[in-house]
Amino acid sequence: MIGITPWHALDDLRRWTGLGLDAAGLAPRQTPSTDVLNEPGLRLRRYPANGAGGAALLLVPAPIKRHYIWDLHPGCSVVAHAQRRGLDVWLSEWTEASPEDGLDRYVSHLARCVDTIEAATGQVPHLAGHSLGGTLAALHATRHPDRLRALVLLEAPLHFAQDAGAFAPLLQATPSATPMAAALGRVPGSVLNAAAVLASPKEFIWQRRAAGLAAAARGGEALRTYLMALRWSLDELALPGRLFAEVVDGLYRQDRLMRGELELLGQRVRPADLRAPLATVVDPRADAIPPASGLAFHHAASSADKLVLSYDGDPDVLLQHVGSLTGESAHRRLWPALFDWLARTSAPA
């Protein structure tokens with residue numbers, strides 16, 4: 001069905017293009033899972049554990065595109081990698097939500113996931129979130145500081161200031177997001193893609209083209225991973241208007257979380273409310289979400305156990321921003337270090 005605006009129609013066109021790539025053999029080859037919870041806006045997946053008694057890990061994707069960037073194919077899958085390490089893996093898959101769903105609703109979804117995991121396993125999980133999924137995981141951790149075991153944030157935008165990324169000048173040059181959100185109801189992914197390109201053409205155009213050339217030169221599995229990630233990039237998920245406005249105006253433009261001015265579910269939250277162990281992954285080359293955006297939150301958290309890791313990139317990933325999930329060096333160096341750290345936080349005192 002064609003959307004009600006050219007932006008919605010562009011989303012539909014991109015999805016149809018993705019279906020064509022599926023027919024060419026580039027559909028994701030996801031790890032088998034069971035749907036444990038299914039409600040409007042959320043599906044909670046559980047992946048079969050390879051061993052008994054492993055710590056629970058809840059993966060939190062960004063609510064912008066589909067969840068399977070965490071699980072493209074067996075050789076490029078955070079899910080499969082975590083399973084091999086003996087973790088009991090769960091994933092919060094965001095589905096089409098009401099235009100009126102905002103931050104409160106998404107944080108409530110994560111709390112529901114945690115409750116479901118605890119009921120099934122007897123333990124609260126570790127949380128790991130990427131990009132805006134990391135933002136949501138951090139908000140859960142500040143609103144419900146006793147409802148997680150440890151928190152892993154991968155290039156999560158949490159602090160925006162004049163020097164905190166390519167989006168800052170764009171935000172200063174544009175009006176409030178609320179009227180656009182109200183007019184669109186659900187904000188198409190193509191709008192978000194356009195904003196990313198305007199904010200950082202280097203990261204979202206030029207580096208992407210260079211990565212395509214590098215993947216083509218390598219061929220084989222590297223090229224297949226690049227093309228499967230390209231197919232994923234066409235799978236749009238519109239953001240609820242309220243969520244879009246609250247993220248853009250409240251978090252990004254007004255920096256309300258870092259200022260201690262954000263209210264979630266009737267309670268003011270601050271970075272210092274987080275007490276669980278915290279690992280923050282930054283990309284020192286990133287333009288759109290530079291290290292400062294995540295490290296400000298990291299330093300302000302009250303966690304006694306803190307870890308900062310750097311993802312230094314792979315030349316052939318589709319987008320630098322998802323390289324920490326799909327890059328060869330990420331699976332060779334970054335994730336083993338994170339899993340080792342999670343194992344230490346899970347060990348009895």
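**Sheet, helices and a few residues**

Mentor: Start with helix 13 (residues 328-346), which lies across strand 3, strand 7, strand 8, strand 13 (278-282) and strand 14 and runs at about 160° to strand 8. Keep in mind that this is a predicted model.

Trainee: OK. What's the strand order in the open sheet of eight strands?

Mentor: The order is 1-2-6-3-7-8-13-14, and the pairing is mixed. Strand 1 (34-39) and strand 14 (306-310) are the edge strands, each pairing on one side only. From one strand to the next, the twist averages 15°.

Trainee: Which strands does helix 3 touch?

Mentor: Helix 3 (residues 103-121) packs on the sheet and touches strand 1, strand 2 (42-46), strand 3 (56-60), strand 6 (88-94) and strand 7. The direction of helix 3 makes about 155° with that of strand 6.

Trainee: Do strand 7 and strand 8 pair in the parallel or antiparallel sense?

Mentor: Strand 7 (residues 126-130) and strand 8 (residues 151-154) pair in the parallel sense, over four bridges. For glycine 129, the bridge partner in strand 8 is leucine 153.

Trainee: Back to strand 6, where glutamate 93 lies. Is glutamate 93 buried or exposed?

Mentor: Glutamate 93 has 6% relative accessibility, so it counts as buried, the cut-off being under 20%.

Trainee: What does the side chain of glutamate 93 make a polar contact with?

Mentor: The side chain of arginine 45, at 2.7 Å. Apart from neighbours within four places in sequence, glutamate 93 is in contact with Gly41, Leu42, Arg43, Arg45 and His67.

Trainee: Last one: how do helix 8 and helix 9 cross?

Mentor: The axes of helix 8 (residues 201-218) and helix 9 (residues 220-233) come within 6 Å and cross at roughly 145°. The crossing is left-handed.

Trainee: Which residues meet there?

Mentor: From helix 8, Arg208, Ala211, Gly212, Ala215, Ala216 and Arg218 meet Gly220, Ala222, Leu223, Tyr226, Leu230 and Ser233 of helix 9. By class, this contact of helix 8 with helix 9 has seven nonpolar, three polar and two charged residues.

Definitions and conventions: Residues numbered from 1 in each chain as written. Predicted model: local features only at pLDDT ≥ 70, side-chain atom pairs only at ≥ 80, totals over all residues. Heavy atoms only, no water. Axes fitted to C-alpha atoms, helices over the stretch in contact; angles between N-to-C directions. Helix = DSSP H or I, 4+ residues; strand = E, 2+ residues; numbered from the N terminus. Left-handed = near helix turned anticlockwise from the far one by under 90°. Contact = heavy atoms within 4.5 Å. Nonpolar A, V, L, I, M, F, W, Y, C, P; charged D, E, K, R; others polar. Pairing = 2+ DSSP bridges. Buried < 20%, exposed > 50% of the residue type's maximum accessible area, 1.4 Å probe, protein only. Polar contact = N/O pair within 3.5 Å; in protein donor to acceptor, adjacent residues only side chain to side chain.
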